[in-house]
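Here is a short report on one protein chain.

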Amino acid sequence: MDGPLSDLAKYTLLVVGALFPIVNPIGNTPIFLSMTRGLSGKGRIALARMIALNGLALILVSIFIGTHILAFFGISLPVVQVGGGLVVISTGWALLRQPNDDSDGKDSRGECHEADYSRQAFYPLTLPLTVGPGSISVAITVGANRAEGSEWRWPLIAGMLLGSALIAASIYLSYRFAEGLARTLGEAAMNVIIRISSFILVCIGVQILWNGLSTLLRSVVRY
């Protein structure tokens, strides 16, 4: 049965279904832990909240005004994918080459200042690790692909807001309880997961880069 509530549910599920597999906060948890070693539990919780809020802001901006921002600067979506893919590859490669921590390294890193991590809340922990170029390009597409001539009616706006809020909540909960997950799995298992996750992050970056490059190459061949 069509109606405002049906549209609200439809747009909410559209945002969650499109973005959750790409944002993948659960899969990013080991990398988040690796990049915040030496941070206290309280500081990690505060950082998780900041990343979730930053991610929410990025998603909402991409959905509602992303196409206008790209048009203003004369940037196409494939170019965003190419640039963002390179950043993701760089981040994943740095994590992949990061040496394993031994007990001495842990002790020496235990005195890290919380401010050092809060400065990294947006880059690289939010962008590109959590809400990367793939998520941004999908969010822009979701915002641009509404029915032709349709206006921003309240079910559409509310659905986009609610779906984005659910993604942000999943980011917060995943990072908030990341330490408990690491404690359960143990250090050796987490190191293995971090290496695998870092390699997958590199592969994701290559895929995003190729998606943008292939679109650009097709446009060149056409001419």
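The largest nonpolar core has 37 residues, and Leu47 and Ile171 touch the most other members. Helix α3 supplies the largest share of this core, 8 residues. The model is a predicted one.

Leu47 has contacts well along the chain. Leaving aside neighbours within four places in sequence, Leu47 is in contact with Phe32, Thr36, Leu39, Tyr117, Ser118, Ala121 and Leu125.

**Overall make-up**

The protein chain holds 11 helices and 0 strands. Of its 223 residues, 40% count as buried. Among contacts with a separation of 6 or more, 91% join residues 24 or more positions apart. The chain exposes about 12,100 Å², and carbon and sulfur atoms supply 67% of that area.

**Helix α4**

Helix α4 covers residues 77–96, 20 residues in all. From first C-alpha to last it reaches 28 Å, close to the 28 Å expected at 1.5 Å a residue. Its buried residues are Pro78, Gln81, Val82, Gly84, Gly85, Val88, Thr91, Gly92 and Leu95. An α-helix has 3.6 residues a turn, so residues three or four places apart point the same way. Which helices do the buried residues of α4 pack against? They pack against α2 (25–35), α7 (125–130), α8 (133–144) and α11 (187–222).

**The nonpolar surface patch**

Helix α3 also matters for the surface: spanning residues 41–73, it gives the most to the nonpolar patch, with 5 residues. Val61 lies in helix α3. Why does Val61 count as partly exposed? Its relative accessible area is 36%, and partly exposed covers the range between under 20% for buried and over 50% for exposed.

**Leu161 and its partners**

Leu161 is found in helix α9, residues 154–176. Leu161 is also partly exposed, because its relative accessibility is 40%. Not counting residues up to four places away in sequence, Leu161 touches Leu60 and Phe64. Leu161 and Ile59 are 102 residues apart in sequence, yet their C-alpha atoms are 9.4 Å apart in space.

| Residue | Relative accessible area |
|---|---|
| Val61 | 36% |
| Leu161 | 40% |

How values were computed: Residues are numbered from 1 along each chain as its sequence is written. This is a predicted model: local features need pLDDT of at least 70, side-chain atom pairs count only at pLDDT 80 or more; totals for chains, interfaces and linings use all residues. Side-chain values use heavy atoms; hydrogens and water are left out. Helices (H or I, at least four residues) and strands (E, at least two) are DSSP runs, numbered from the N terminus. Buried means under 20% relative accessible area, exposed over 50%, partly exposed in between (1.4 Å probe, protein chains only). The expected span of a helix is 1.5 Å times one less than its number of residues. Contact means heavy atoms within 4.5 Å. A nonpolar core is a set of buried Ala, Val, Leu, Ile, Met, Phe, Trp, Tyr and Cys residues joined through side-chain atoms within 4.5 Å. Accessible areas come from the Shrake-Rupley method with a 1.4 Å probe; for residues, only the protein chains shown count as cover.
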